[in-house]
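Hi there,

Here is the structure I promised to pass on. Please have a look, and my notes follow below.

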Amino acid sequence: MSILDAEGLYKTYGDKTLFDGISFTISEKERIGLIGVNGTGKSTLLNALGGVDSIEEGTIRHANAFRLAYLTQTPVFDAGVAPVDYLYSGSAPIMVTLRNYERALADLEDDPSDRARQENLMAQQQKMDAAGAWEAEAAARNILTRLGIHDFHTPVADLSGGQKKRVALARTLIQPADLLILDEPTNHLDNETIEWLEEALVQYPGALLIVTHDRYFLNRVTTKIFELDHGKLYIYDGNYEMFLEKKAEREEKESADEAKHRNRLRRELAWLRRGAKARSTKQKARVERVHEMQARKGPEAAQSVDIAIGSARLGKKVIETKRLTKGFDGRTLIRDLDLLVTPGECLGIIGGNGTGKTTLLNLLAGRLVPDEGTVAVGETVKIGYYTQEHVEMNEDLRVIDYIKEVAQVMNTADGQQVTAEQMLERFLFARPQQHTYIRKLSGGERKRLYLLRVLMQEPNVLFLDEPTNDLDTETLTVLEDYLLQFPGTIITVSHDRYFLDRTADHLIAFEGNGVIRRFEGNYSEYIAEKKSRSAENAADKKAKPAPAPAAQRKKKLSFKEQQEWNGIEDRIAVLEDQLDALKKAVAEAGSDAGKAQTLYAQQQDAEKELDQAMDRWTELSLKVEALENES
């Protein structure tokens, strides 16, 4: 069943046509990936569907009760808004109930002795019971925990860029929606969190529309691909892998059709040039048909980024660290790290967010001073650093002038000189677009331009910090091909698993708690080895249970323990009944705050006593089980 219909959408940006009468439908529970080269209008289409942007022509229809949740590429937050209000925003009844409950809980944590706050929390708990919202609250808590969101007090606007994106992602996942739109959801997420998100989206009850550069993510989550290409929309059934096959078939057919068209035009022109003198209506129609054939546009030739860029000569010594140590705010991220980087090496750096990956890059680049240890850089090393941090660009500069600030020409690997204009063409910036102001570029186009600026320096050592963020899949493929041919050394921090598999032959893994180890292999091999180690450790624990201390070994229960064991299950049942009765009494106390407070205190005592009884039952049951096994 269709939940959204778009018909005849038309949209321009400057002299570029983004949508040229495109139409499509989105059905219930569909998983759609939207792809296309940066600047083709992917985010513009998402904004139009999300009501953030308008279209010039066409219609977008959906049911009146239709609900949409939208994660934009760069979320914007109101100044001073708290995470709890942002996360549970919206007018849906369950969101209102959750928002009021979380506020009351946070208020009581600030002052647990305040009676008014205690009463407010009890009132909100009753509303949670009435709305059946506890399951939704538990699901929301799981999402927040997996995304590493624990601070409900710091205003969202004061969080780091990565934290903001995670908060925004959590909000979209928590909100009930018929259609969930995600624009680059994997940015700022580590690999483990991305794998969790893949599993969560597979189970998501609504439909999905996703823009992402993560090709493994596309392959595992989507079942249909929308491709925006020169104003047209092409629709393919299947995941990303199937899309690549079907797109190749489409382009091959288009090329064959164009060849037939050109042959037909050639024959028609030859006939006219033979000088037929008839001036019949039929003859005139034939001339007009030839003109139409000449005016017809063939398929756009696929642009490629030919980047056989040269680099300065690199000696035998690249970078070496000895006992490198660095920490922040009393927390040591890197301790006593010895690292030798060799010529021609492709080294990937992986690990969770905040473990120190970018810190290591900055130490190697000389942007940070180590607390202890040394970093020795070879005399011939010329570093080109592509950073994930927001790069300040003078938006009043034209594209060509931004590149010429670095170099007018550069040398290729075969000794030729290439002008800045030619290099921009190779990076998919056509000559007319080179005179466009930077402020008119999309986010992905700016990243591509910045990447070219780094390469124009002709480095022999490349530092790449999350280079795949916001780049389209086509540019990524070309970048990977270039890196495979790069004659120097590459050190990459990335969470893009596909990118790492193609470009890194060694890894530095930040495994948490200060553990850093070198791994000889790519990312998929590392994950396989890590899972194998975990399985072996689990098997060892199961095969060799830790012996109990001698003092705890008993051949039988004492008389007191036996009596306690005989009656503990009945005692637990009584406590559970008492607790249920107290909860009901609290709910019935209504506006009698004094009575409710007394009953709530009794409820807390009963919960504590029940927990203690359950812990004791667990302890005794383990003893009984051990005795039964011995016998």
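Strands and helices here are DSSP runs numbered from the N terminus (E, at least two residues, for strands; H or I, at least four, for helices), and two strands pair if DSSP finds at least two bridges between them.

Before more detail, a word on the source. This is a predicted model, where local features need pLDDT of at least 70 and side-chain atom pairs count only at pLDDT 80 or more, while totals for chains, interfaces and linings use all residues. Residues are numbered from 1 along each chain as its sequence is written, and side-chain values use heavy atoms, with hydrogens and water left out.

Now the sheet. It is open and mixed, with six strands in the order β5-β6-β7-β3-β8-β9. Its edges are β5 (68-71) and β9 (232-237), each of which pairs on one side only. On average, neighbouring strands are turned by 15° against each other, direction ignored. Helix α6 (residues 161-174) lies across β5 and β6 (179-183), running at about 165° to β5; axes are lines fitted to C-alpha atoms, for helices over the stretch in contact (heavy atoms within 4.5 Å), with angles from 0 to 180 degrees between N-to-C directions.

As for the whole protein chain, it has 19 helices and 20 strands. Of its 631 residues, 43% count as buried (under 20% relative accessible area, 1.4 Å probe, protein chains only).

Best wishes

Terms used
Buried means under 20% relative accessible area, exposed over 50%, partly exposed in between (1.4 Å probe, protein chains only).
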